[in-house]
Every structure is written in structure tokens, then in C-alpha cells.
Amino acid sequence: MAISFFTGERLTVLRLAGIVLILIGVVAVARGEASATDTVEDAPGAATSRVPGVGIALLSALGFGVLFWLLGNRAVPRVGFAATVWMIRLTSSAVTVLFLLVRRKPIALPWDGKVAVWILGMGVLDTGAFIMNNLGMQLEQVSVVSVLSSLYGAVTVLLAAVVLREHLRKIQWVGIAGIFAGIALISLP
């Protein structure tokens with residue numbers, strides 16, 4: 001959003017309020033997973049501080065932000081929404097092969113029938129989501145599409161509650177409500 005703002009993209013007050021609600025909602029949903037009695041020290045093999053993990057997560061978020069801005073403002077307008085997905089898939093495959101060659105250790109995957117079907121299904125859904133994300137960047141403001149595409153974690157939590165009947169804390173339900181209210185505000189003209 002910041003890169004989009006500094007390169008000339010402007011949001012209406014309602015859209016900005018919607019984005020703020022969504023971001024607060026995502027934090028509430030994600031934060032609600034840890035109970036008050038859980039500590040980092042309780043986790044097996046956990047570090048004594050959350051700072052290194054937070055730093056890596058913030059660096060990852062920054063990387064995604066730059067990626068989405070580059071996609072929406074540079075790559076998608078020049079080569080189209082579908083071609084950019086192929087470019088990303090080929091690049092990530094090449095980097096993975098390079099990593100495996102440098103690592104010099106084989107990776108054994110359990111390739112029985114069920115696992116192969118799940119992996120194929122996840123690949124199809126992930127690629128379809130990326131195609132829709134890039135198409136959205138052609139049709140709408142990049143900052144709006146980037147925020148909406150970051151909701152996959154909250155959607156996962158909601159699906160776990162509905163489909164798997166997992167228990168959500170009150171703060172998570174409040175976060176989900178905030179997310180849907182933010183989506184409604186973003187959708188207004």
C-alpha cells in the first residue's frame with residue numbers, strides 16, 4: 001500500500017477505512033490462536049524470544065508487498081495476468097532446483113496416491129488463486145487487491161471453524177467480522 005501511495009495511487013476514505021479494518025481483523029484472527037497461558041518456552045525447540053520470528057515475518061511481508069506492487073504496476077500491465085503466473089512458477093522452480101543442488105541432500109516425498117492427489121489439488125488451487133489475484137490487479141487498484149489477497153490466512157481459520165468445527169476465540173470472531181466489514185467498505189464505489 002505504501003509503495004502504491006508513493007507512486008500515485010490514491011484511495012477513497014471508505015476504501016482506506018476498509019483496509020484498516022481488514023488489517024486489524026487479520027491481526028485479531030492470527031493473534032487469537034495463542035492462548036494466554038501459552039508461552040514460547042512451552043513449544044518444543046522454541047527460541048526464548050519471539051523477535052527473530054517477527055523480524056523474518058516482517059521481512060517476508062515487505063517482500064510480498066514489493067512483489068505485489070511490481071506485479072500490479074510493472075509485470076501484469078506489460079505481459080498480462082496469466083503470463084506473470086508462468087514467469088513466477090518457472091522462476092520459483094528454478095530457484096528450488098538450485099537450492100536442492102546446493103544443499104546436496106535428497107528430499108524424499110511420500111508419493112503414494114493420496115498425497116499426490118492432495119499435492120496436485122493444492123497446486124491447481126494455488127495457481128488459480130494467483131491467476132485471479134493478477135487478473136484483479138488489471139481490474140482494480142493494486143493496493144486493494146494486495147490487501148484482499150492477504151486474507152487467505154483468515155479464510156483458512158474461518159474454514160477450520162466451519163468445516164472442521166475448530167473452536168475460535170471471541171477475538172477471532174471479532175476479527176472475522178472486521179474483515180467482512182472492511183471488504184464491504186472496499187467494495188463501495
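Helices α4 (residues 81-103) and α5 of this predicted model, where helices are DSSP runs of H or I of at least four residues, numbered from the N terminus, pack at an angle of about 135 degrees with their axes 8 Å apart, the axes being lines fitted to C-alpha atoms over the stretch in contact and the angle running from 0 to 180 degrees between N-to-C directions. In the contact (heavy atoms within 4.5 Å), F81, T84, V85, I88 and R89 of α4 meet D126, T127, F130, I131, N134, L135 and Q138 of α5. These residues divide into 6 nonpolar, 4 polar and 2 charged, with Ala, Val, Leu, Ile, Met, Phe, Trp, Tyr, Cys and Pro counted as nonpolar, Asp, Glu, Lys and Arg as charged, and the others, Gly among them, as polar.

Helix α3 supplies the largest share of the lining of the largest pocket, 12 residues. By class, this lining has 32 nonpolar, 10 polar and 5 charged residues.

Residues are numbered from 1 along each chain as its sequence is written. Local features need pLDDT of at least 70 and side-chain atom pairs count only at pLDDT 80 or more, whereas totals for chains, interfaces and linings use all residues, and side-chain values use heavy atoms, with hydrogens and water left out.

Terms used:
Helix = DSSP H or I, 4+ residues; strand = E, 2+ residues; numbered from the N terminus.
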